[in-house]
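Subject: Structure for you to look through

Dear colleague,

I am handing over the structure we spoke about, and I would be glad if you opened it before reading on. My notes come after it.

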Amino acid sequence: MQETAIVSFAQLGLNAELQSSAAQAGFTVPTPVQMQAIGPVLHGRDVLAQAQTGSGKTAAYVLPVLQLLMTTASSRDEAPKKRTTQVLVLVPTRELATQVSDVLRDLARPLAQSIKVGTVFGGVSINPQMMSLRSGADVVVATPGRLLDLVDHNALNLGHVQHLVLDEADRLLDLGFAEELQRVLALLPAKRQNLLFSATFEPVVQTLAEALLHDPARITIAHTQEHTPDIAQRAIQVDEKSRTALLRHLIKTHVWKRVLVFVATRYACEHVANKLYKAGVFATAFHGEMSQGARQDVLAEFKEERWEVVVTTDLAARGIDIAQLPVVVNYDLPRSATDYTHRIGRTGRAGAHGEAVSFVTAATLAHWQLIQKRVQVQLPLEVLEGFEPTEVPPPASPLNDGTGGIKGKRPSKKDKLRAAAAHAEPLAPKD
Ligand code: ADP
Ligand code: MG
């Protein structure tokens, strides 16, 4: 499909009610991925869609899936005793489950027909989720682990799911989720629509994706100037020990009001956030070892601009949509080019301008060159006055993973699997 003329939601086949929902959400024109995905989804086709971070992938499946749900739901019992779950959206993180549910509810709210969205994720008590699912839910948005727990408790039946969405599909297909995903798939009807969305699909994952899909519509929004997020990328060479001071310097000189800082480990989140806080920067940590309540609070407060800096791991690299987040900093470099793409994609969303700064040390320089090659950027390595590097690169060692070398807590089994998957990825030249 050509994207020459601007197409409206109406022309894509979206009904009047959903056009109005989209308008109320502030979506006046469809984004490129919405232009290409909405039609095939409405036609019941499987979809494999790769489109840039912040390009509106959520609504690209939410809008047409709601329409499909309206059609099937209207033909059923007027007052069903229990709603059957027809749509299942899987996501890799709890925060993303909440975010996608919010988009679904916002777009479904104006519709005449009531559509119930169930949100399911771990780290919080299972009982309220069981209670809320008692009368069923038309759509369930879930992280895989808790979803399986609820099925085991007979709180949820996935036997009627007609539409399966994997948001951040490549993450869900990688090793860290493989076992859980297989268990979920085994609970679904074989005949169903499969919709896979992500900004990245490494070749290995692509093969796994193919096994799930039947004659899919393949959508790739090419990296043209027009379709690439507007993110100014910078790389600054600095000594490992001077990174916090450099970060403070940048925050002060650029008057950055809100910064998302990525580090390699949970321990480093606390460590860097504490150092910044003690130096007078309103900084806090966000990572997987915090209670779910604390995680939710930090994210909400960050969105309300009550924190200047949030220091996080790759937990926050995927999907999280923070409007007007101007700056992302890689304090430690990401493990893979895929992670780099997702991390910096937290800024420059929905057409906004963003900035992404990566700190490169003597020890991580070789790794940085590799990331650059794989994402096809070549940035000048800046040296800032007062932060001139003095460290020399360590001797080559297979144990040096180039992620900054900060030692943290022992990684969990899941971490290890994810890390193995990340390392196993033979990275594609693009994305
Ligand atoms: P992705 O999943 O591709 O990273 P999201 O679905 O999170 O991106 O959308 C990014 C931002 O773009 C969100 O804040 C969303 O509200 C906004 N958005 C989505 N579709 C449109 C549209 N058609 N017009 C304007 N803004 C949109
Ligand atoms: Mg998304």
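Predicted model: local features only at pLDDT ≥ 70, side-chain atom pairs only at ≥ 80, totals over all residues.

Ligand 1 is surrounded by 16 residues, and the closest of them are Val29, Gly54, Lys57, Thr58 and Asp321.

Several polar atoms of the protein lie beside oxygen atoms of ligand 1: a polar side-chain atom of Lys57 is 2.8 Å from one oxygen atom, a polar side-chain atom of Arg349 is 2.9 Å from an oxygen atom, and a polar backbone atom of Gly56 is 3.1 Å from an oxygen atom. Taken alone, ligand 1 would expose 570 Å², of which the protein buries 80%.

Turning to the aromatic rings, a search of the whole structure gives five aromatic pairs, and ring pairs join Tyr277, Phe282 and Trp307 into a cluster. Elsewhere in the list of findings, Arg258 lies over the face of Phe302, at 5.8 Å from the ring centre.

Key
Residues numbered from 1 in each chain as written. Chains lettered and ligands numbered in written order. Heavy atoms only, no water. Phe/Tyr/Trp six-rings, centres within 6.5 Å; stacked < 30°, edge-to-face > 60°. Lys NZ or Arg CZ within 6 Å of the ring centre and 35° of its normal. Near = heavy atom within 4 Å. Polar contact = N/O pair within 3.5 Å; in protein donor to acceptor, adjacent residues only side chain to side chain. Areas by Shrake-Rupley, 256 points an atom, 1.4 Å probe, with all protein chains shown as cover.
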